[in-house]
Every structure is written in C-alpha cells, then in structure tokens.
Amino acid sequence: MNATACYFVSAMADENTEIARGLQRRDPDLLDHLIEKYQHRLLRYLVYLTGCGELAEDLFQETWVRVLERGRQYDGRHDFSTWLFAIARNLVIDHLRRKRPETPDSLGDGDDSALLDITATGQPSAFDATVQREQNEQISAGMQHIPAEYREALVLRFQEGMSLGEIANVTGAPLGTVKSRIYRGLSALEAWLRGAQL
Amino acid sequence: MSTDSMNSDPMSSDPHERARMLIASAGLERPGPEDPSKAEPSPVEQSWLAVHLESCTTCREFAENSCVTIRLLRGIQITAGERLVSATQMRVRQRAEELQRQQERLWVVCACCAAVTLSTVVSTALLWRGFAWIGQQARLSTPVWEGGFLVFYLMPAVFTGIFLLARGAFLADHNGSYQVDPRV
C-alpha cells in the first residue's frame with residue numbers, strides 16, 4: 001500500500017474512532033453533524049428499500065434515534081456508514097415483519113403500489129431536465145419491479161459506492177450472494193428498461 | 001429462503017456467466033482502491049475479462065448495457081429536505097435529554113440502594129448486639145431474644161406491606177383515584 005492510501009485509511013480509522021467515542025458520550029453535536037453528513041445517502045437507501053417516501057422519512061428519524069440509543073455498540077473498527085446502513089436495514093425488516101409476519105427474515109418486495117418519490121436536481125436546461133426526469137421515472141419504475149434484495153445491492157454498490165465486503169457486512173449475506181444479487185439485479189433492471197423502451 | 005441463495009457462486013463454470021458477474025460486480029468508472037490486491041474484481045479477473053470481451057459480442061453488449069443502466073442509476077438524485085433534517089436533529093436531541101434524565105435517575109436509585117444496604121448492615125449488627133445485651137441483662141434464653149430481634153427487625157416491613165395493601169384496596173374501591181367533591 002502506498003503512502004497516500006495509508007494516509008486515507010489512517011484518517012478514516014481516526015474518524016471512525018472519534019465517532020465511536022462521541023457515540024459513547026451520546027454527544028448531540030456529533031449526532032447533528034452525522035445527520036447532516038449522511039442525510040442524503042441514508043434517505044436514498046431507505047427510499048429504495050421501502051419504495052415509499054413517507055415511510056423512508058419515518059424510518060430515517062427512527063434510524064438516528066436508534067443510533068443514539070445503541071451508539072455504545074459501535075466500536076469504530078468498521079466504517080460508520082456500514083453500521084448506519086445495517087441499523088436502517090434492520091428497522092426496515094422490523095417494519096416489514098410487523099406489517100407481514102409471514103416474511104420475517106428477508107426484505108421482501110415492499111409495497112408494489114408505492115412509487116419512488118424521487119426529486120431530480122441540478123439540471124442545466126429545461127430539455128435536460130425533461131430527459132433526466134423521464135430517465136429517473138423509468139429507472140425508478142424499473143427498480144420497483146425488481147426484488148428488494150437486488151434493489152438494495154444495486155443501491156449500495158452503485159449509488160453508495162460501497163465495496164462488496166461492505167455490502168456483505170450491511171446485508172449479512174455472503175460475498176458470493178452479494179455478487180449474485182448485483183448481477184441478477186442489473187440483469188433484471190436492464191431487461192425491464194429494454195421492455196419499457198420498446 | 002432468499003431467491004438467490006441457491007445460486008450464489010460467482011465463479012460459474014460458464015465463462016459468459018462468469019464474465020457478466022464480473023462486469024456487474026465491477027460497476028462503472030469506480031475508482032479502484034490504492035491496494036491492487038483489494039481491487040474488485042482482482043487484476044487477474046480483470047485481464048481475463050478483457051480477453052473474454054474481445055472475443056464475445058454478447059458479453060460486450062451486456063457490458064455496454066450495464067454501463068448505461070449504472071449511469072442512469074447514478075444520475076438519480078434523492079435529497080433529504082431541510083425540514084426532515086432539522087426535525088430529526090430535534091427528535092434526537094429530545095431523546096438524548098430523556099436518556100440523560102433516565103441515567104441521572106438511575107444513578108440516584110443506585111446511590112439510594114447502596115446507602116440503604118450500608119445502613120442495613122450497620123444497623124443490623126448494632127441491633128443484634130443490643131438484643132443480645134438485653135437478653136443477657138434480662139436473663140432470657142437465646143431463642144427468645146433472637147425471636148424478639150426477628151419480630152422487631154421485620155415489623156417495619158410488615159407494617160409497610162399492610163399499609164400499601166390497604167391503600168391499594170382503597171384506591172381500587174375508589175376507581176383508582178381519590179374522588180373530589182364537585183361542590184367544594
């Protein structure tokens with residue numbers, strides 16, 4: 001490993017240790033900072049996982065309350081975001097378990113009737129905005145038509161930029177299963193997009 | 001059981017399946033880690049994939065389609081509103097204050113328990129000696145003054161229990177609370 005990589009790895013480890021110490025103290029200022037830092041990533045993950053904007057917002061708040069309550073369990077050895085997403089995932093599973101007790105151990109497929117509430121931002125022109133919006137709608141609809149486990153793997157890999165190992169940590173699935181989910185999810189999404197464009 | 005858990009071997013014997021799984025795992029334009037041994041896929045797999053893609057049109061097409069899909073995926077912006085963030089921060093702060101108060105109460109309860117235990121140990125020893133002295137002065141047999149000690153020792157707890165039971169029965173008879181005369 002070269003010096004730059006060492007520096008970044010060391011800086012990340014320091015940051016995680018600092019977060020762990022702050023969570024031990026239940027430091028509200030640290031939590032405010034973390035909420036701001038991870039707001040978009042966490043909400044995006046929850047929106048894709050639940051397929052419902054309102055539910056995602058409720059679970060967003062629940063996740064941070066859970067982070068406060070269970071913060072002493074975070075030891076700083078893993079990346080904070082991995083731990084955060086694992087908490088959010090468990091809350092979604094708990095919610096689904098309450099809603100549909102027959103599928104307690106998996107994410108299931110969420111509410112099929114709910115569409116992703118996605119806001120596209122940052123377009124330079126009206127034409128680009130329209131194209132972007134159409135593409136967003138297509139891909140959102142496609143994401144709703146693939147199983148939740150595949151959807152989750154795609155979001156973590158391609159939107160959150162997590163490594164395969166980190167995804168395995170968040171989902172609790174073996175590495176091979178993670179790879180398989182990404183492959184199958186991508187294939188299913190592509191097939192759906194091809195069908196939608198015809 | 002998960003739908004994919006039956007078939008999760010990334011190193012499929014089918015070279016096309018293997019190539020597509022590698023393409024999917026690799027993603028698009030993702031900066032690799034500084035340490036090449038941690039690259040996903042590994043350099044060996046990447047070179048195998050490059051050779052395979054040169055000769056396989058269908059896998060190349062899959063790779064191109066994957067690029068488009070991943071670009072579309074990354075183009076989606078979902079942002080949390082300021083209201084949600086501030087509401088969450090406020091809720092977390094309130095919960096933190098609650099937990100703080102709970103912890104303070106717990107400390108008070110623990111301190112009280114420790115004080116009561118200490119005073120019980122000290123007072124029991126003193127009382128025991130006192131009863132032994134009284135028994136000796138009154139020329140009572142040991143079981144008699146020991147019985148007296150036991151009755152004296154348990155009496156506060158017995159009276160408190162009777163009082164609480166009586167109070168509970170009173171409250172139950174009066175619908176859980178004291179009635180207030182509306183004329184007053």
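In chain B, the axes of helix α1 (residues 15–26) and helix α3 (residues 57–75) come within 10 Å and cross at roughly 20°. Axes here are lines fitted to C-alpha atoms, for helices over the stretch in contact, with angles running from 0 to 180 degrees between N-to-C directions. This is a predicted model, where local features need pLDDT of at least 70 and side-chain atom pairs count only at pLDDT 80 or more, while totals for chains, interfaces and linings use all residues. Residues are numbered from 1 along each chain as its sequence is written, chains are lettered from A and ligands numbered from 1 in written order, and side-chain values use heavy atoms, leaving out hydrogens and water.

**The α1–α3 pair**
- α1(B) and α3(B) are therefore roughly parallel to each other (angles under 35 degrees).
- The crossing of α1(B) past α3(B) is right-handed, meaning that the near helix is turned clockwise from the far one by less than a right angle.
- From α1(B), B:H16, B:A19, B:R20 and B:I23 meet B:T58, B:C59, B:F62, B:A63 and B:S66 of α3(B).
- Sorted by class, this contact has five nonpolar, three polar and one charged residues.

**Confidence**
- Chain B has a mean pLDDT of 81, with 79% of its residues at 70 or more; pLDDT is the predictor's per-residue confidence, from 0 to 100.
- Among the elements of chain B, α1 has the lowest mean pLDDT (85), and helix α4 (residues 82–137) the highest (93).
- For the complex, the predictor gives an ipTM of 0.75 and a pTM of 0.69.

Key
Helix = DSSP H or I, 4+ residues; strand = E, 2+ residues; numbered from the N terminus. Parallel < 35°, antiparallel > 145°, perpendicular 65-115°, else oblique. Contact = heavy atoms within 4.5 Å. Nonpolar A, V, L, I, M, F, W, Y, C, P; charged D, E, K, R; others polar.
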